[in-house]
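Please study the sequence and the model shown here. The paragraphs that follow lead through selected places in the structure, one after another.

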Amino acid sequence: MNTSSPLDTCVVMLGSEEQGYRARATTYLGGIGCRAIVVDGASGEQMRDALQRELEQIDAPFVVLARDSDFMLPDALRMAEAWLVANPQAQGVQAYALGMSPGNSTVGYHRLGGAAHGQSGPGVRERVLAHALSGLQPWRALLRVGALRAALADASVQVAGEDWLVGLSFALLRQGQIPTLEQVLVVSECRGQAGDADALAPVIRALRQWDEQQAGDFADDEGFAILRQFVLGTAAIDAAPLLFTSAWSSVVHEPERSFEPRQYVELPYYNATVFRQLSALEFLLHAWPVGREHVRAVEGAWVRQRDLLQRQANDNRKTLRARYWEALAVNLFSPQVCQLLLEVLEADEAEAREELQHWLDRLRQVKAPELPGRLAQTASGHVLQALAAATLDAAARQRVQKRLAAGKGSQVALLVLDLEDDDAALQRTFDSVVASGLRDFRIVVLKAGILPAITTTRDTLHFVKVTTDNVVSHLNQTLKQLSCDWLMLMQAGDELAGSGLLRLQLELAEAEGLKAVCGNDVQRDSEGRLVAVLRPGADFDLLRSRPDLMAPHWLLRREEVLALGGYSETCRQALDLDLLLRLVEANGLAGLAHIDEFLVIGSNRCETMLPDALATLGRHLGQLGYRGQVDQGHEGRVLIDFRHPTTPLVSILLEAGDDMQQLATSLASIQQRTRYPRYEVLVITRGEQRQETSLGGRARMLASPAVSRADRLNQAIGEARGEYLVLMSDRSQVSSPGWIESLLNQAQRPEVGLVGCQMHDEAGQVSHAGYELLESGQVHASWLGLGVGERAEAQGLDVVRGCQAVSLDGLMIRKDVLEALGGLGQSEALDVELCLRIAQAGMLVLMVPQAQLVNQGVPVLSEVAREALVAQAPWAFARCVAVDGALGIAPAASASGPRWLSELA
């Protein structure tokens with residue numbers, strides 16, 4: 001970077017919520033000889049006010065605004081300074097911007113705006129039109145400090161909110177012309193998705209009103225069209241087209257650039273000076289990644305490097321050197337990897353040593369935060385911390401192993417499929433088994449390619465040669481020859497996690513009647529990031545809704561697998577799922593269990609397993625007697641339509657409160673948004689005497705003198721004509737037209753006792769998604785307050801799943817089931833109590849997210865009611881960790897380790 005002399009420009013960084021940008025930008029600007037200040041603000045108004053205060057303190061002649069994720073190119077900045085010195089009458093000068101999207105050792109570059117347009121005249125209208133056509137943003141210009149102060153004063157109360165920079169651009173053009181240099185001045189990170197044109201309508205109106213108060217240059221229809229195009233163009237709402245990608249694959253050579261078929265040669269992006277500066281900039285980006293998107297892009301590489309740097313018991317200098325080279329190839333920009341590799345290079349590798357040392361010296365000059373600390377702050381880092389907390393130390397492992405040796409343990413067989421003949425992946429699996437402390441186990445590897453040894457089923461490690469065509473038949477034959485009690489199917493590269501399987505082996509020795517057990521899983525996504533898969537019990541409905549998350553790595557009793565005829569030849573990519581479905585078809589849900597421990601770290605195989613998963617789910621529905629339909633949803637989700645043959649009458653019992661307007665809105669939402677043809681509405685109110693009144697159409701009102709809420713509802717239940725009842729509060733409004741069909745799709749299953757609606761407030765945040773009863777005595781509202789943008793990572797939130805309890809503000813129950821239970825109870829926690837009685841009767845409680853209601857907030861259970869519920873049903877409060885909680889790890893009883901360990905005799 002050019003640091004030959006200080007620049008006469010002060011760069012004002014517009015701060016963001018991600019603090020990492022600021023430190024990196026300050027270091028970069030200092031390196032190119034720029035003075036920098038930062039302005040912060042929670043809103044556009046606060047940011048603008050802070051900027052005005054800072055401008056009073058600036059003694060530099062020139063100023064340029066930049067986001068803290070932007071990079072000013074020094075050569076263009078010097079040229080812009082020189083131009084302003086030579087043209088003292090100009091308020092500023094601008095140049096072009098180049099967009100970037102950094103990844104793991106790559107940067108994609110994007111076009112921002114278009115070529116500058118000449119002005120058809122000297123007026124403000126022509127200046128605004130020229131920028132509207134080009135999309136260049138005047139606020140990014142290099143400006144004289146006085147010009148920026150004047151523009152801010154002019155725009156100070158005109159455009160509110162986050163779009164204040166558009167108003168500033170308009171104010172600058174009102175002051176005068178801003179010429180354009182044929183240079184790239186700024187490289188700007190492309191963050192987030194394209195904007196919403198409708199959201200900018202207030203900005204357009206504000207500029208129009210502002211203009212009307214002045215000269216009215218844009219008063220006519222054509223002027224309005226120019227303003228609109230200016231706002232949309234300079235707000236950069238359109239997706240920026242990719243131009244070229246720069247990839248680093250060597251510590252010696254410059255990055256390789258690959259260009260897209262469509263280029264824009266009229267823009268000044270394509271010259272050696274720009275590319276030279278981009279190479280220096282990319283080195284800084286990769287050595288010091290910041291920002292949510294960039295860190296997410298390299299997170300998987302960091303995890304892989306961490307794994308490769310772990311020392312194993314059988315390591316030597318040769319194995320370490322091979323792994324360190326592999327770690328360097330994963331990401332070139334880790335000083336830690338470079339240093340470790342230098343320590344194990346051989347004497348005859350002098351050239352490689354010199355090159356690597358030079359690279360390491362460059363990395364150290366950046367002075368970026370160390371990798372372990374950066375990884376710890378990521379989602380994968382949090383998973384690794386949870387795994388570490390769940391891993392017993394050597395003394396604790398010995399204690400468990402001593403207990404196992406003293407009693408009659410259960411032998412576990414790990415069946416490992418290695419159809420890719422991947423010895424490195426297989427070694428990772430072996431290393432994890434050794435590290436787990438597991439005892440009394442067998443490993444059977446069904447391997448394509450050349451076997452490393454000739455073995456038998458009596459050996460602890462047994463190899464079986466297979467192909468993709470015969471692997472299932474060999475698997476089933478091996479099962480008959482083994483003598484183990486339990487088995488688990490794994491893929492080469494899967495690793496045992498923490499000490500979960502060791503604990504499970506201990507508990508299986510005393511378990512009676514169990515047929516299949518699952519724990520929590522950790523899955524690697526397609527880019528290597530770690531995702532914690534928290535399984536809320538042995539939830540069969542969630543298994544069918546998300547087989548990619550729920551089906552892998554169950555521990556199965558061998559004799560049960562043999563009784564079912566072994567694994568299916570027709571479902572090679574969904575062996576676990578198919579066997580679990582057949583197990584339930586033969587035995588029901590009894591014998592399924594869950595342990596709150598991580599068992600395995602594996603890879604998400606959604607794409608490969610889904611076709612076979614859909615096929616076996618279709619077979620499964622037929623076996624249960626349904627002519628249903630199974631469809632693939634978004635990203636591994638499975639949608640099941642049972643296609644029940646009947647359309648029963650549904651009675652909606654709408655409970656009225658004291659707000660008549662709220663009641664009217666709720667009733668109107670039912671009548672206007674319900675697609676299902678056969679329903680009635682009973683509005684339940686309090687009255688001095690019992691009275692029924694028709695409200696017209698399908699609705700009638702039932703006034704009841706009963707004092708208690710339960711008595712009023714029970715009276716209405718007796719008056720309801722429907723076979724199915726929807727109990728609903730007037731706090732709720734219908735938002736999905738097919739809500740009743742979605743509820744009936746589950747409620748008509750004979751094993752289901754009750755189904756609940758999922759609710760959100762007007763801002764889209766979750767207001768109800770079911771309750772979990774935790775062993776701490778807490779009635780936990782799952783995912784409460786979760787925003788729309790956060791739902792994608794909330795596993796199970798958007799699919800049908802089992803639930804301990806749901807809210808009376810929106811649920812469906814079969815009338816004869818409720819009558820058999822004796823109606824609603826008299827406790828304050830009517831809904832939770834009802835769900836517990838349903839469960840005690842052997843029926844399921846489900847959450848149906850396709851049935852959506854708008855509800856600003858479900859009432860919180862009082863402390864008295866919660867304590868009464870705990871006293872009434874202590875057995876129900878057994879879950880250690882909430883499904884949306886702290887990565888599925890139960891809190892330790894003390895500093896000495898997990899509670900289950902302290903309970904050992």
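Lys367 counts as exposed, because its relative accessibility is 69% and exposed means over 50%. In this predicted model, Lys367 is found in the loop between α13 and α14, the latter covering residues 371–376. The backbone of Lys367 has a phi near 60 degrees, which is a positive value in a residue other than glycine. Trp783 also has a positive phi, near 55 degrees, and is likewise a residue other than glycine. Is Trp783 buried or exposed? Trp783 counts as buried, because its relative accessibility is 8% and buried means under 20%. Its place is the loop between β31 (779–781) and β32 (801–802).

The discussion now turns to pairs of helices. Two packed helices are described by the angle between their axes and the distance between the axes. Helix α12 spans residues 335–344 and helix α13 spans residues 350–366; their axes come within 10 Å and cross at roughly 150 degrees. Angles over 145 degrees count as roughly antiparallel, and α12 is therefore roughly antiparallel to α13. The crossing in which α12 passes α13 is left-handed. On the side of α12, the residues that meet α13 are Pro335, Cys338, Gln339, Leu341 and Leu342. Their partners in α13 are Arg353, Leu356, Gln357, Trp359, Leu360, Leu363 and Arg364. Of the residues in this contact between α12 and α13, eight are nonpolar, two are polar and two are charged.

A second pair consists of α10 and α11. How are α10 and α11 oriented to each other, roughly parallel or roughly antiparallel? The axes of α10 and α11 come within 9 Å and cross at roughly 170 degrees. The two helices, α10 and α11, are therefore roughly antiparallel to each other. From α10, the contact is made by Ala301, Arg304, Gln305, Leu308 and Leu309. From α11, the contact is made by Arg323, Tyr324, Glu326, Ala327 and Val330. The contact of α10 with α11 contains six nonpolar residues, one polar residue and three charged residues.

Charged residues deserve attention of their own. Side chains of opposite charge can pair when their charged atoms come close. How many salt bridges are counted in this model? The count comes to 43 salt bridges. Glu326 is partly exposed, with a relative accessible area of 36%, and Arg304 counts as partly exposed at 22% relative accessibility.

The side chains of Glu346 and Arg317 meet in another salt bridge, at 3.7 Å from N to O. Here too the pair links distant parts of the chain: Glu346 lies in the loop between α12 and α13, Arg317 lies in helix α11, and the two are 29 residues apart. Glu346 counts as partly exposed at 30% relative accessibility, and Arg317 is partly exposed with a relative accessible area of 41%.

Asp541 and Arg544 also form a salt bridge between their side chains, at 3.3 Å from N to O. Both residues lie in helix α20 (residues 540–545), three residues apart, which is about one turn of the helix. Asp541 and Arg544 are both buried. Elsewhere, salt bridges link Arg306, Asp307, Glu495 and Arg524 in a network.

Two further buried residues complete the account. His294 belongs to helix α10, which covers residues 292–309. His294 is buried, because its relative accessible area is 2% and the cut-off for buried is under 20%. Apart from neighbours within four places in sequence, His294 is in contact with Pro102, Gly103, Leu285, His286 and Pro289. Ser436 lies in helix α17, which covers residues 423–436. At 7% relative accessibility, Ser436 counts as buried. Which residues does Ser436 touch, not counting residues up to four places away in sequence? Ser436 touches Arg397, Leu496, Gly498 and Leu502.

Terms used
Residues are numbered from 1 along each chain as its sequence is written. This is a predicted model: local features need pLDDT of at least 70, side-chain atom pairs count only at pLDDT 80 or more; totals for chains, interfaces and linings use all residues. Side-chain values use heavy atoms; hydrogens and water are left out. Helices (H or I, at least four residues) and strands (E, at least two) are DSSP runs, numbered from the N terminus. Buried means under 20% relative accessible area, exposed over 50%, partly exposed in between (1.4 Å probe, protein chains only). Contact means heavy atoms within 4.5 Å. Axes are lines fitted to C-alpha atoms, for helices over the stretch in contact, and angles run from 0 to 180 degrees between N-to-C directions. Angles under 35 degrees count as roughly parallel, over 145 as roughly antiparallel, 65 to 115 as roughly perpendicular and the rest as oblique. A crossing is left-handed if the near helix is turned anticlockwise from the far one by less than a right angle, and right-handed if clockwise. Ala, Val, Leu, Ile, Met, Phe, Trp, Tyr, Cys and Pro count as nonpolar, Asp, Glu, Lys and Arg as charged, and the others, Gly among them, as polar. A salt bridge is a side-chain nitrogen of Lys or Arg within 4 Å of a carboxyl oxygen of Asp or Glu.
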